[in-house]
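User: I want to learn how to read strands and aromatic rings in a model. Please walk me through one.

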Amino acid sequence: MDKSRYAKACCADRKAFGGGILEIQPKCRIETMDDLSTAYTPGVAEPCRRIHADPSLSFEYTIRRHTIAVISDGSAVLGLGNIGPMAALPVMEGKSVLFKQFGQVDAIPLVVDTQDVDELERFVRVVAPTFGGINLEDISAPRCVELTQRLQDLGIPVFHDDQDGTAIVTSAALQNALKVTRRSMDGLRIVINGAGAAGYAIARMLTERSPRPKEILLLDSKGVIHKERENLAFHKKQALELPGVVGMQADLAQAMEGADVFIGVSLANLVSQEMVRSMNPNPILFPMANPDPEILPEDAYEAGAALVGTGRSDYPNQINNVLAFPGIFRGALDARATRITRRMMLAAVDALAGMVMEPSRDRILPKPFEAGIGDRIAKAVREAWEQDEER
């Protein structure tokens with residue numbers, strides 16, 4: 001199906017649902033006066049009294065136990081850019097459906113008509129008592145990085161899927177790709193093109209594993225980031241402090257020379273076959289720009305790639321965040337975690353990678369509909385929280 005037909009089909013499908021793809025259903029039936037007095041007044045007063053005396057009971061008597069918010073300002077939506085909150089709402093609805101489908105997590109989309117970090121932080125803090133967790137979504141960098149860092153003291157998990165969700169799935173994909181190509185992370189030179197939220201988080205996660213890559217080059221639209229660059233965003237400065245992240249003056253073509261791995265979270269058609277040929281033999285490429293990758297898999301293979309993964313579902317090795325975020329939140333809610341720690345994220349990486357028993361060139365990650373993904377990640381995340389000394 002071409003893009004125009006696909007778009008028309010999607011719009012027609014959503015219209016058929018009559019006002020979005022979400023609805024609220026009660027867990028109990030109210031058919032008698034007794035039912036009404038139990039669900040509402042006067043019966044509702046008793047859980048109110050108990051929660052007032054012990055706020056932690058809100059997780060026993062209310063939706064907090066299984067419900068999160070999906071919050072966006074609409075500033076960085078999919079491949080659409082800064083389209084604002086109302087235009088972003090269909091994406092947040094869709095994300096909420098994925099939480100339910102793949103993690104049995106109830107998610108409520110909340111789009112916010114501000115792109116000021118202070119106002120966003122204030123909004124999240126004042127709505128937090130309703131929820132057991134917060135998933136930040138489609139908020140542009142560097143504001144999303146700052147916002148996520150500010151909110152780690154909220155007392156419930158705050159997770160930005162475009163940062164750490166992408167990093168978790170990419171790391172799991174790379175873990176299995178290295179098995180296929182019989183490499184170790186130790187000694188690798190990795191090029192990450194795209195120094196926004198996803199690129200920063202991927203670099204950070206790769207440096208937290210053992211062994212670490214020998215060298216990571218992180219690029220934005222101006223080339224490899226380095227400390228001498230003027231007006232460098234704060235998250236890029238943070239990235240340069242990570243072990244193994246090397247700053248230098250080089251463009252993408254120069255950075256690719258002698259590299260073992262290319263990870264793209266940038267724009268379409270930025271990588272040429274000549275760049276692939278300049279890499280070390282049998283390189284791994286993850287061109288993940290959507291909807292069109294930095295280089296098409298067939299072109300990368302023709303130029304000598306050993307293994308290619310993209311963000312698209314019409315090629316093997318789709319690197320898709322839906323593999324991670326439902327299970328991560330399910331595990332965090334089950335553990336009653338107050339935040340999502342690095343140990344929990346790394347446990348999610350290993351659990352996801354372990355879903356593929358025998359990785360191959362065309363299978364380094366499970367497909368979203370394979371049974372047990374969410375449950376396995378949730379279990380790993382829950383156990384990691386229980387064992388985490390930093391909690």
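**Strand 3 and its neighbours**

Analyst: Three bridges join strand 3 to strand 4 (residues 158-160), and the two run parallel. Strands are DSSP E runs of at least two residues and helices H or I runs of at least four, numbered from the N terminus. Two strands pair if DSSP finds at least two bridges between them. This is a predicted model: local features need pLDDT of at least 70, side-chain atom pairs count only at pLDDT 80 or more, and totals for chains, interfaces and linings use all residues. Residues are numbered from 1 along each chain as its sequence is written, and side-chain values use heavy atoms, without hydrogens and water.

User: Which residue stands opposite His 160 of strand 4?

Analyst: Leu 136 does. Leu 136 is also the bridge partner of Ile 71. Four bridges join strand 1 (residues 67-72) to strand 3, again parallel.

User: Are the faces of strand 3 buried or exposed?

Analyst: In a regular strand the side chains alternate between the two faces of the sheet. Here Gly 133 and Asn 135 lie on one side, Ile 134 and Leu 136 on the other, and all are buried. Buried means under 20% relative accessible area, with a 1.4 Å probe and protein chains only.

User: How many aromatic pairs are there?

Analyst: A pair of aromatic rings is described by the distance of the centres and the angle of the planes. Rings of Phe, Tyr and Trp (its six-membered ring) pair if their centres lie within 6.5 Å; planes under 30 degrees apart count as stacked, over 60 as edge-to-face and the rest as tilted. The count is four. Phe 99 and Phe 325 are tilted, at 4.7 Å and 55°.

Notes. Buried < 20%, exposed > 50% of the residue type's maximum accessible area, 1.4 Å probe, protein only.
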